[in-house]
Amino acid sequence: MIELRHITKEFRQGGRVTRALSDVSLTVKQGNITGVIGESGAGKSTLIRCVNLLEHPTEGEVIVDGQNLMRLSSRELLRVRRSVGMIFQHFNLLDSRTVSDNVAFPLELNHTPRTEINRRVQELLQLVGLEEKADDYPSKLSGGQKQRVAIARALANNPKILLCDEATSALDPATTATILALLKEINERMNITILLITHEMNVVRSICTDVIALSGGRIIGQGFEHQYFI
Amino acid sequence: MVELLLRGTWETVVMTFVSGFFGFVLGLPLGVLLYITRTGQIMENRAINGILSAVINVFRAIPFIILIVWMIPFTRLVAGTSIGVGAALVPLSVGAAPFIARMAEGGFLEVSSGLVEAARAMGATTFQIVWKVLIPEALPSLINSAAITLITLIGYSTMGGAVGAGGLGQIGYQYGYVGYDMTTMNIVLALLVALVFIVQTAGNFIVRKTDHR
C-alpha cells in the first residue's frame, strides 16, 4: 500500500547540510498497522511526511497505492493527499471552527455538496462518539476529544491510508489506550492501512502488526522477532 | 456652528472608514503575499518577499503629511482634484495599506504552523489555505488591527485637514490654530476623542465575539 524506496532527505540550513534520513526503504502492507519507533531526532517525523510529500525526499521514490508520487503533477498530488488521512501530536484543529465544521473541512476542500457534508459529518461524529459536541469549539474539548475530532476529520474522505504522527504523545495513558482502541477499530472495520510513528514502545506493542526501528535516520531493526524488540 | 461641526464629524468618519476599507482591499492581499512568500512558507520566494518588504518599508517611512503632498499628481489623476474629502481618500488609502499589510502579516505569523501543515496534508490548495485557514484563524487579530488602523486614520485624516481635506481636522486647524477659537478647537478635540473611543470599544467587542481560542 505504501512503499518507500531508498529515501534520503537532507536539509540545507545556511551552508550546513544535515541528513535526516539515509537510504530508508520500507513497505506497509494493505490492512496492516505499521509502527515506526525511534527516539526524538531519529527522523520519524521526516519519514512520515515523505509519505504524502509534505517533505520532498532528496533522493528515492514514494509509491502510494500503486502511484509514484514523485512523478505526479501538483494537482494530482493534491488528489492523492485528499485520499490519505493524517493526524498529529498537537491535533491541529482550527480554533475558528466548531467541531462539526472542523470535520467538514476536508469535504469542503473538494467541493462536496452541503447536504452530503452534513450527512457525512454526523456519521463521523457518531463513529468517534462526539455527536453532542458538534457545535462546540475545540478550545472546550479535552485532549482525547480533540484527537477524536482529528480522527473524524482524517476519515472524512474515506481514505485507504491513515498516517499518525505521534498521535498519542500529548495524551495521558488512559486516554492513549482509548485512542489506540479507536484506531484499531477503524483499521479492522474500515480496512484502513495505518502507518504510525511513536517513541512509545507500548503503543507499538498494543496495536501494531508490524514494526520498524529508526535511529539516526537509518532503519536499525524490523519485525517483532528482531532483537531490538525482545 | 453645530451644523459645521456635524458636517466635519461626518467627513472625518467617511474619510476614516472609506480609506480604511480601501486600505484593507490593498493591504490585506499584500499582507497575505508577504506571509506566504516568507522562507519556509507555502509559496516561499525570496525575491518577491524582499522587494515587497522593501517597498512597504519605504512607504511606511514617508511621513503622512509629506505623502499627501508627494502624491498630489497621482491624486489628481485618480480623484480629478487634490482638494476635499474625495481627494483625501487617495493618500489615506495608500498610507494605510502598507501599515495594514505589516499588521496582517503579524496576525498570520501567530497562526500555528501545524494548522497550515494539516491543511496541506488534506490536499488544500494555496488559495484554500489562505481563505479557509489563515484568514479565519487570524480574524481576531485582523479585527484588532482594523481598529488600530482606523484610529491611526482618524489622526491622518485630521492632518489632511490642514491641507484642504475637510473634516474635523480642517475645522480644528482653521478655528483653533489660525483663528484662536479655543472653544471650537476643544469641541473638535472632544469629538475626535469620542470617535477613537467608539472605534476601539467596537473593535474589542467584535474581537471577543470572534475569538474562540
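Predicted model: local features only at pLDDT ≥ 70, side-chain atom pairs only at ≥ 80, totals over all residues.
The largest pocket holds about 890 Å³ of space, and the second largest pocket about 360 Å³.

**The largest pocket**
- Of the 29 residues lining this pocket, A:Leu54, A:Glu55, B:Gly40, B:Gln41 and B:Arg120 are the closest to its centre.
- Strand S1 (2-13) and helix H2 (74-82) of chain A each supply at least two lining residues, and so do helix H6 (113-121) and helix H7 (126-162) of chain B.
- Its lining is made up of eight nonpolar, 11 polar and 10 charged residues.

**The second largest pocket**
- Here 16 residues form the lining, with B:Phe17, B:Ala146, B:Ala147, B:Leu150 and B:Val199 nearest the centre.
- Helix H1 (2-36), H7 and helix H9 (182-210) of chain B each bring at least two residues to the lining, and H9(B) gives the most, with six.
- The lining has 13 nonpolar residues, three polar ones and no charged ones.

**A strand pair in chain A**
- In strand S6 (residues 84-87), A:Val84 and A:Met86 point one way while A:Gly85 and A:Ile87 point the other, and all are buried.
- S6(A) runs parallel to strand S7 (residues 161-165) of chain A, joined by four bridges.
- A:Ile87 has A:Cys164 as its bridge partner in S7(A).

**A buried arginine**
- A:Arg120 sits in helix H4 (residues 114-127) of chain A and counts as buried because its relative accessibility is 8%, under the 20% cut-off.
- Its side chain makes a polar contact with the side chain of A:Asn158, at 2.8 Å.
- Leaving aside residues up to four places away in sequence, A:Arg120 touches A:Leu107, A:Leu155, A:Ala156 and A:Asn158.

Conventions. Residues numbered from 1 in each chain as written. Chains lettered and ligands numbered in written order. Heavy atoms only, no water. Buried < 20%, exposed > 50% of the residue type's maximum accessible area, 1.4 Å probe, protein only. Pairing = 2+ DSSP bridges. Polar contact = N/O pair within 3.5 Å; in protein donor to acceptor, adjacent residues only side chain to side chain. Contact = heavy atoms within 4.5 Å. 1 Å grid on protein atoms, 1.4 Å probe; cavity = no way out; pocket = protein on both sides within 12 Å on 5 of 7 lines; lining within 4 Å. Points joined across faces, edges and corners; volume = space filled by probe spheres on them. Nonpolar A, V, L, I, M, F, W, Y, C, P; charged D, E, K, R; others polar.
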